[in-house]
Amino acid sequence: MAEHDSKPGSMGAPGAPGGFDPRAIERPDPVLMNYYVIVSVLTGPGFPIVLLASWFRYRTLRYRFDEEGVWMSWGMFFKREVNLAYRRIQDIHLTRNLIQRWMGLATVSVQTASGSAAAEASIEGILQAEQLRDFLYAKMRGAKGLDGAAHGMEDPARSAGPPDEALVLLREIRDALRARKDAPGATDGEGGRA
């Protein structure tokens with residue numbers, strides 16, 4: 001087995017840009033459990049409870065990054081699954097506290113337009129968090145560009161869906177103002193020549 005296959009959170013594949021292939025990530029890196037132990041110790045008297053809950057989360061945490069989106073699941077007694085299509089992703093945040101920086105970890109928070117201020121998914125235990133964030137941004141932009149092309153848009157990079165009525169109206173006003181300004185004898189609005 002190649003070295004990049006030996007650590008769950010740091011998978012890479014030959015031919016992937018920079019040797020990083022998120023499609024190979026299925027589990028968090030074992031460093032995440034070390035982080036959970038340190039955080040549990042810092043809770044003081046709640047140590048056993050926090051450690052047990054963290055251990056269950058670590059043992060059941062699963063990821064999948066495919067062509068459609070991001071899938072993650074966790075939980076022993078109350079199993080939770082999150083499946084996010086790339087086109088639904090609105091924003092991606094990368095956060096690190098002091099201990100995470102020391103251990104080389106980060107949390108990649110993925111937000112959608114669900115109306116909630118909290119992240120829809122928090123991806124933990126990935127050593128190449130910056131590369132994962134960049135991958136998600138590229139997939140997010142690519143998915144939105146494809147949606148615009150599917151609706152017959154001329155420029156899929158400018159819009160991800162059918163034209164908004166307000167946007168169409170604003171463009172018409174802009175074009176009318178440009179035409180008026182470029183017309184012979186046009187003034188600047190204060191009685192002077194443009």
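Start with the salt bridges: the count comes to 8 in this structure. Keep in mind that this is a predicted model.

In one of them, aspartate 21 and arginine 23 join their side chains, with N to O at 3.6 Å. Are these two residues buried or exposed? Aspartate 21 has a relative accessible area of 15%, under the 20% cut-off, so aspartate 21 is buried. Arginine 23, at 38%, is partly exposed.

Now to glutamate 130 and arginine 96, whose side chains form a salt bridge with an N to O distance of 2.5 Å. Where in the chain do the two partners sit? Glutamate 130 belongs to helix α4, residues 129–150, while arginine 96 lies in the loop between β4 (89–95) and α3 (98–103). The partners are 34 residues apart, and the pair links distant parts of the chain. As for accessibility, glutamate 130 is partly exposed at 29% relative accessibility, and arginine 96 is partly exposed at 30%.

Aspartate 175 has a relative accessibility of 40% and counts as partly exposed. Arginine 174 has a relative accessible area of 33% and is partly exposed as well.

Two packed helices are described by the angle between their axes and the distance between the axes. Here the helices are α1, residues 31–42, and α2, residues 47–60. Their axes come within 8 Å and cross at roughly 160°. An angle over 145 degrees counts as roughly antiparallel, so α1 is roughly antiparallel to α2. The crossing of the two is right-handed.

Which residues make the contact? On the α1 side they are Leu32, Met33, Tyr36, Val37, Ser40 and Val41. On the α2 side they are Phe47, Val50, Leu51, Ser54, Trp55, Arg57 and Tyr58. Sorted by class, the contact has 10 nonpolar, 2 polar and 1 charged residues.

That is what I had; please go ahead with questions.

Definitions and conventions:
Residues are numbered from 1 along each chain as its sequence is written. This is a predicted model: local features need pLDDT of at least 70, side-chain atom pairs count only at pLDDT 80 or more; totals for chains, interfaces and linings use all residues. Side-chain values use heavy atoms; hydrogens and water are left out. Axes are lines fitted to C-alpha atoms, for helices over the stretch in contact, and angles run from 0 to 180 degrees between N-to-C directions. Helices (H or I, at least four residues) and strands (E, at least two) are DSSP runs, numbered from the N terminus. Angles under 35 degrees count as roughly parallel, over 145 as roughly antiparallel, 65 to 115 as roughly perpendicular and the rest as oblique. A crossing is left-handed if the near helix is turned anticlockwise from the far one by less than a right angle, and right-handed if clockwise. Contact means heavy atoms within 4.5 Å. Ala, Val, Leu, Ile, Met, Phe, Trp, Tyr, Cys and Pro count as nonpolar, Asp, Glu, Lys and Arg as charged, and the others, Gly among them, as polar. A salt bridge is a side-chain nitrogen of Lys or Arg within 4 Å of a carboxyl oxygen of Asp or Glu. Buried means under 20% relative accessible area, exposed over 50%, partly exposed in between (1.4 Å probe, protein chains only).
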